[in-house]
There are 2 protein chains.
Amino acid sequence: MAVTLRDVADLAGVSFKTVSNVVNGYPHIRPATREKVERAIATLGYKPNPSARSLRSGRTGAIALAVPELNLSYFAELASFVIAAAEQSDLVTLVEQTGGDRDRELALLQSPRMRMTDGLILDPLGMRPEDADALDVAFPLVLLGERSFDWPSDHVTMRNVDATRAGTEYLIASGRRRIAVIGEHEDEVIGSARLRLRGYREALAAHGIEYDERIVAKATLWHRADGAHAMRELLARGAAFDAVFGFNDTLALGAMRVLQEAGVRVPEDVAVLGFDNLDEAAYSIPSLTTVDPGREWIARTAVETLLERIGPGGSKLPPRTRLADFEIVERESAPRM
Amino acid sequence: MAVTLRDVADLAGVSFKTVSNVVNGYPHIRPATREKVERAIATLGYKPNPSARSLRSGRTGAIALAVPELNLSYFAELASFVIAAAEQSDLVTLVEQTGGDRDRELALLQSPRMRMTDGLILDPLGMRPEDADALDVAFPLVLLGERSFDWPSDHVTMRNVDATRAGTEYLIASGRRRIAVIGEHEDEVIGSARLRLRGYREALAAHGIEYDERIVAKATLWHRADGAHAMRELLARGAAFDAVFGFNDTLALGAMRVLQEAGVRVPEDVAVLGFDNLDEAAYSIPSLTTVDPGREWIARTAVETLLERIGPGGSKLPPRTRLADFEIVERESAPRM
DNA sequence: TCGCGATCCTACAACGATGCAGAATCACGG
DNA sequence: CCGTGATTCTGCATCGTTGTAGGATCGCGA
């Protein structure tokens, strides 16, 4: 059926290993031979068989990226950067969606599908500290998102606590005192939600503002609809607030929409601050002030880190944690002052 | 290094072929033997080697999805559905980004990377009619998006002309007469842009409204920024309009943002209509009336169609074109009346 | 002329799985 | 007690490639 090294070799009148050598850029080949072979490759349209190649060499040329879902713009934009970075190194990217579900994340780590790739970049939204053992896998692994697993693996992440502390202080500096929050996870102990809440509380404490759980709203998933829902609940509770910090942009955007439906003016009555700096944050009405966590840097660095592990001697490297810088992007929904 | 069939066989005291039979669910195996083997598999943690498997069987268990970029929400949501549908059939999805660039699309069709998969779902944004020959590839291929290639391949797409005609008529029925358009491609002849423009013109003609190119704005890429840019240009031209039809939601949202910055009221002064029904269209201010092209159906159907081709006898099937139903979703930016 | 290292090419054995053909065992009717 | 067909298991060849080892050829100095 398909053209193989042998077919090319027959046409070129050399041994099939010589064709292999040409394809792989082995240096010691006479120009005449090389040309003969290349012509044969062109006329037959030979393309190497990646299965055979990786069976022999142990490398597949693919990496896997596992995120909760591409529906969430943050992960879509992240995936876009990861795929682009991988392509730079001639790797293809296989995308898995876990739904942020613990069981599916654990299953993925055990899955035979992982043997189709040279390594995995995983955002373990659902896993818990006691699942650390599951991270003891035979393939190179880079975790995204700040998590405190008791397991020495590579991490590429952002400074969640610092960033939300800075965000909250930004709101405080602009004169807000009653700062509501959307995105708490009730029983989660290691994820971004918990860390971001901590940064928020630290900032409050540093400025002598009391923590009031009546203006803290849960949202387990971070879709627009969840932000909208949380905001409706906050409004229903009746506790006053003059700012809202959405733990990501989609939550903030959903919340902002509900605020405006309810006749609340943004930012005059309530300032809104997001987290992620999605493309769309610049185009909402009003445009969204947000914390930019350095998505592109994270994506690029995750791929680099994984490649170092995959490469020769990679398994000997000590576990590394790499932190992105953040930045507050001022827009209309929360002016600096 | 890794555990193989042989290792399992040794531990279980059977031939390695028997282990293979167990793994593949061959029926004639004594329960006792099966159990022995399964226990050995479990203790050793055996996982089949997909490279070896696909070298032998010719099937890889992966499909490729090529879209312009995941940054564009439409494609992110589409990819999300495709990946989910593929997973239902135990296939992993390898995502490629072409940037909508003709050369990269053509290169992808020739790329050896394609041999890592059983087939490709491609949205050929940049290809031209004269590139039809490039579609003559050795692997199963399903095209997304309505294109008039002179090549008999499978298509899954939406009724672009009908949908934009209906959208335009919706605006006309609500009393608008000067309907601007954003998203024309100048020199493209086969893509959605051209088809959507045709639907628009058909609707105008049917209602005796003159086509005025002063209110038709180009946008080669369909990001929010492009919509914003196009709207600034429209405003600068000074030609009056009482509605805008963005050829996708992000264009419409970018344009809507600029309108409101300029003090134009939506929908009182100008109605805005989008196309795609993205998640975010429901949360903008005002929420976006839009044409829903049935993204999920398209994704599911594309995977199904590809699977039929991949399956036994698939290459004998006649080329098929499958059309999704569309629907106009009424929201605030363009009320029905 | 010979020896020797560089250069160019080839032969053979893997990598880990599956398909096929067939050997061994078993059940059961005549 | 044997023949026959189903059941259960094994052995071998094979998929297309790369790594290793080594054979041929060549240039060049001794």
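1. A charge sits over a ring if NZ of Lys or CZ of Arg is within 6 Å of the ring centre and within 35 degrees of the ring normal. In this predicted model, the charged end of Arg201(A) sits over the ring of Tyr211(A), 3.6 Å from the ring centre. In chain B, Arg201(B) lies over the face of Tyr211(B), at 3.7 Å from the ring centre.

2. Over all chains there are six aromatic pairs. One of them joins Tyr200(A) and Tyr211(A) edge-to-face, 6.3 Å centre to centre with 70° between the planes. Tyr200(A) belongs to helix H8 (residues 192–206) of chain A, while Tyr211(A), eleven residues away, is in the loop between H8 and strand S7 (216–218). Tyr200(A) is buried, with a relative accessible area of 1%; Tyr211(A) counts as partly exposed, at 24% relative accessibility.

3. Tyr74(B) and Phe75(B) also form an edge-to-face pair, with 5.2 Å between centres and 80° between planes. Both residues are buried.

4. There are 27 residues around DNA strand D, and those that come nearest are Leu5(A), Tyr46(A), Arg56(A), Thr18(B) and Thr33(B). By class, this surface has eleven nonpolar, nine polar and seven charged residues.

5. A phosphate oxygen is 2.4 Å from a side-chain N or O atom of Tyr46(A), and a phosphate oxygen is 2.9 Å from a polar backbone atom of Ser15(B). On the base side, a nitrogen lies 3.5 Å from a polar backbone atom of Ala52(A).

Notes: Residues numbered from 1 in each chain as written. Chains lettered and ligands numbered in written order. Heavy atoms only, no water. Near = heavy atom within 4 Å. Polar contact = N/O pair within 3.5 Å; in protein donor to acceptor, adjacent residues only side chain to side chain. Nonpolar A, V, L, I, M, F, W, Y, C, P; charged D, E, K, R; others polar. Phe/Tyr/Trp six-rings, centres within 6.5 Å; stacked < 30°, edge-to-face > 60°. Helix = DSSP H or I, 4+ residues; strand = E, 2+ residues; numbered from the N terminus. Buried < 20%, exposed > 50% of the residue type's maximum accessible area, 1.4 Å probe, protein only.
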